[in-house]
Amino acid sequence: MSVRPTTDQYDDVTIETIALRTRDGAGTTALLAQPTAAGPHPAIAIGAEGTGLNTYIRHLAATLAHLGFVTVVPDFYRGDAPPEPDNYDDFETLMSYIDALDFRRAVCDLLDAIDHVQGLAQVDASRVASWGYCTGGTLALFAACLRTDLAGAVVFFPSQPTFAVHDDKKPVDVIDLLWNITGPLLFLIGDQDVVLPEDRLADVRRRFEAWGVDATVRVYPGGGHAFNAHGSSMYHEPSDEQSWDDAVDFVTRVLQPGT
C-alpha cells in the first residue's frame with residue numbers, strides 16, 4: 001500500500017503556482033509540485049476534475065511529488081472555475097461549467113503543461129505521463145492520443161468519451177483517436193459507471209484490441225462514476241483505494257522514479 005493523497009504538506013516537496021505559457025498566447029496558471037531531491041525525475045501532467053484545481057488535486061500533485069514525480073496541473077478553466085471546487089454534489093453548477101468548457105483549448109493547455117515540464121532541468125523529458133479524472137481523464141486520454149512522446153497515461157473514468165455535438169470547442173471524440181496511442185495506458189473505471197456502462201466499455205476494449213493499444217483496463221466492483229470524489233455521494237472507498245494503488249504501481253513501473 002502506497003502513501004495516499006491526504007495532504008499537500010511534505011518535507012521533501014516544493015509546491016507553487018506558476019505562470020504557464022500557452023500556444024494561444026493568453027496563458028494560464030498551473031500547480032507545480034517537485035521533489036526537493038536532485039533529479040532528473042520523471043514527470044506527470046495532471047488533468048484536474050471538472051471541479052478545477054480543488055483540495056484533492058492539490059493533495060494528489062504533492063503526494064505524487066513525494067513519491068518522486070514532478071507534477072504539473074494546468075488551470076484549464078483559466079481563472080473561471082466553479083466557485084466551490086470541493087463540492088462534487090452541486091451537479092447543476094458543475095455541469096454548467098463543464099458544458100461551457102472549450103475542450104480543444106483545455107487539451108492544448110495540458111499539452112503545453114507537458115512541454116513545460118519536459119523543459120525543466122530536473123525532469124527527464126523521455127519519462128513523462130498524463131493522468132486525469134473525469135473531465136481531466138478525458139484530457140489525459142486526449143494527450144495520450146496526440147503525444148507520441150509520452151511514456152504512459154493513467155485515465156480514471158473519462159467523462160467525455162464522446163461529445164453530443166461537435167463544434168469548434170469539441171471537434172472530435174477521443175475514442176476515435178485511440179488508434180494513435182503509442183505508450184502503455186492504464187484505464188480505471190467502476191462497474192457501475194453510468195458514462196461507460198458495460199456495453200460502451202466493451203466498445204472501448206474492442207478499439208484497444210483492434211488498434212493494438214497497450215491498454216490495461218481495471219474495473220472496480222461497486223464503483224460508479226467519480227468513485228474517488230471524497231466527501232461526495234459518489235465516493236466508493238474500495239474502488240478509490242485499490243485504484244490508487246494500481247495507478248501508483250503503474251507509473252512507478254513505467255516511469256521509474258529514483259533512477
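**Reading the helices**

Analyst: Start with H6, which has 19 residues and reaches 27 Å from its first C-alpha to its last, close to the 27 Å expected at 1.5 Å a residue. The expected span is 1.5 Å times one less than the number of residues. Helices (H or I, at least four residues) and strands (E, at least two) are DSSP runs, numbered from the N terminus. This is a predicted model: local features need pLDDT of at least 70, side-chain atom pairs count only at pLDDT 80 or more, and totals for chains, interfaces and linings use all residues. Residues are numbered from 1 along each chain as its sequence is written, and side-chain values use heavy atoms, with hydrogens and water left out.

User: Which residues of H6 are buried?

Analyst: Buried means under 20% relative accessible area, exposed over 50%, and partly exposed in between (1.4 Å probe, protein chains only). In H6 the buried residues include Trp-244, Phe-250, Val-251 and Leu-255. Asp-240, Asp-245 and Asp-246 are buried too.

User: What do the buried residues of H6 pack against?

Analyst: Contact means heavy atoms within 4.5 Å. The partners are H1 and the strands S3, S5, S6 (152-156), S7 (185-190) and S8 (215-220). Just after H6, Gln-256 takes a positive phi of about 50 degrees.

User: How many residues of H1 are buried?

Analyst: Nine of the 12, so H1 is largely enclosed by the rest of the structure. Among them are Tyr-56, Ile-57, His-59 and Leu-60. They pack against S1 (13-20), S2 (28-35), S3 (41-47), S4 (70-74), S5 (123-133) and H6 (237-255).

User: Which residue caps the N-terminal end of H1?

Analyst: A polar contact is a pair of N or O atoms within 3.5 Å; within protein, one must be able to donate a hydrogen and the other to accept it, and residues adjacent in sequence count only if both atoms are side-chain atoms. Here Asn-54 is the cap, with a side-chain oxygen 3.3 Å from the backbone nitrogen of Tyr-56. Just after H1, Gly-68 has a positive phi of about 110 degrees.

User: At what angle do the axes of H3 and H4 cross?

Analyst: Axes are lines fitted to C-alpha atoms, for helices over the stretch in contact, and angles run from 0 to 180 degrees between N-to-C directions. H3 (residues 103-118) and H4 (residues 135-146) cross at roughly 65 degrees, their axes coming within 9 Å. Residues making the contact include Phe-103 and Leu-110 of H3, and Leu-139 and Phe-142 of H4.
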